[in-house]
Amino acid sequence: MIRNYFGLKETPFTKYVPTANLYRSQAWQELSARLDHIVKSRGLGVITGEVGAGKSTAVRALSDRLDPIRYPFIYIADSALEPRSFYREVLSQFGVTPAYCQRDARRQFDRILMDAYENQGKQPVLVIDEAHLLSASMLAEVRFLTNFRFDSLCPFALILVGQPELRATLRLRALEPVRQRISARYHLGGLEEHETKAYIEHTLKQAGASRPLFSESAIAHIHSISRGIPRVVNNLCTACLLDVIAQGGQLVDMANVQRVQLDYEQL
Ligand SMILES: Nc1ncnc2c1ncn2[C@@H]1O[C@H](COP(=O)(O)OP(=O)(O)OP(=O)(O)O)[C@@H](O)[C@H]1O
Ligand SMILES: [Mg+2]
């Protein structure tokens with residue numbers, strides 16, 4: 001509907017954005033540099049950010065720019081992740097059936113990842129998304145993982161990604177050994193106001209818009225409601241465009257944003 005009405009090639013502000021079309025804010029570029037560093041140094045990274053800020057998208061972009069042969073990428077986003085399913089996930093990606101007993105699965109993990117590194121020139125990248133939801137048993141396993149072979153050479157990079165509570169979790173005394181081994185951390189906040197404007201314009205351009213569809217004041221208001229969080233910006237922009245269509249207009253202005261804001265606040 002939005003696409004046809006405004007004569008676009010694609011529908012803008014969708015959930016999935018191909019990596020090549022992503023908007024690269026200053027923070028995004030810093031986050032990407034840290035992620036590259038964690039991968040190359042086979043370190044432990046912790047990435048936090050507000051809900052909808054773009055954490056998982058940044059991880060997807062990382063996996064897209066890595067050579068899949070040299071950097072086998074294992075992405076796990078399971079809010080109920082337990083050690084058993086973690087090992088099953090990793091080992092099956094290496095074509096190995098995990099042992100039933102957790103201790104044996106750990107040994108397999110140790111052997112397979114070391115072999116991949118030493119004999120096949122691979123540097124696996126393990127990403128645990130939604131890590132703020134990890135159970136106590138999985139956190140204890142993370143502690144084990146970060147103490148790989150008594151801290152001698154680690155053959156893989158481990159990246160924990162989650163909402164801001166993850167930082168508080170890692171401050172727990174039992175997790176101090178994990179915290180001390182973090183080699184890079186980054187907190188992804190919302191976009192700055194000029195970036196929200198650039199994000200909206202970029203997204204519309206990618207969708208094939210040849211003229212502005214939002215007034216300056218509408219963008220400023222969208223920024224203040226969304227605090228520059230891309231998912232919220234997307235939702236507001238979509239709702240505003242639908243509102244313009246309903247009104248038979250051509251440009252989102254302040255009145256559209258205010259109407260949409262009322263609905264947004266009632267949710
Ligand atoms: N750099 C970007 N360029 C374009 N769109 C983006 C970008 N970052 C995020 N988005 C948009 O914002 C949405 C939310 O991003 P994402 O799912 O990565 O957030 P998140 O931080 O992982 O959220 P959650 O805490 O809910 O897991 C994406 O679906 C995408 O539409
Ligand atoms: Mg996410």
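How many residues of domain 1 are in contact with how many of domain 2?

1. **Reading the model.** This is a predicted model, in which local features need pLDDT of at least 70 and side-chain atom pairs count only at pLDDT 80 or more, while totals for chains, interfaces and linings use all residues. Residues are numbered from 1 along each chain as its sequence is written, and chains are lettered from A and ligands numbered from 1 in the order in which they are written.

2. **Confidence.** The average pLDDT (the predictor's confidence in each residue, from 0 to 100) is 93 for the protein, and 98% of the residues score at least 70.

3. **Overall build.** The protein has twelve helices and five strands; these are DSSP runs numbered from the N terminus, with helices being H or I of at least four residues and strands E of at least two. Its C-alpha atoms fill a box of roughly 65 × 35 × 30 Å along the principal axes.

4. **Two domains.** The assignment gives domain 1 (26-188) and domain 2 (191-266), with bounds that come from an automatic or database domain assignment. Their C-alpha centres lie 36 Å apart. To return to the opening question, four residues of domain 1 are in contact with four residues of domain 2, contact meaning C-beta atoms, placed from the backbone, within 7 Å. On the domain 1 side, the touching residues divide into one nonpolar, two polar and one charged (nonpolar: Ala, Val, Leu, Ile, Met, Phe, Trp, Tyr, Cys and Pro; charged: Asp, Glu, Lys and Arg; polar: the others, Gly among them).

5. **Ligand 1.** Both domains give residues to the shell around ligand 1, so the ligand lies between them. Of the 17 residues around ligand 1 (C-beta atom, placed from the backbone, within 6 Å), Gly54, Lys55, Ser56, Thr57 and Pro230 come nearest. Helix 3 (55-65) and helix 11 (230-247) are the elements that give two or more residues to this shell. The shell holds seven nonpolar, seven polar and three charged residues.

6. **Strand 3.** Strand 3 (residues 125-128) is covered on both faces, with Val125 and Val127 buried on one side and Leu126 and Ile128 buried on the other (buried: 20 or more other C-beta atoms within 10 Å of the residue's own, all placed from the backbone). Strand 3 pairs in the parallel sense over four bridges with strand 2 (residues 73-76), and likewise over four bridges with strand 4 (residues 157-162); pairing takes at least two DSSP bridges. Leu126 is the bridge partner of Ile74 and stands opposite Leu158 in strand 4.

Conventions: Buried ≥ 20, exposed ≤ 12 C-beta atoms within 10 Å, placed from the backbone. Contact = placed C-beta atoms within 7 Å.
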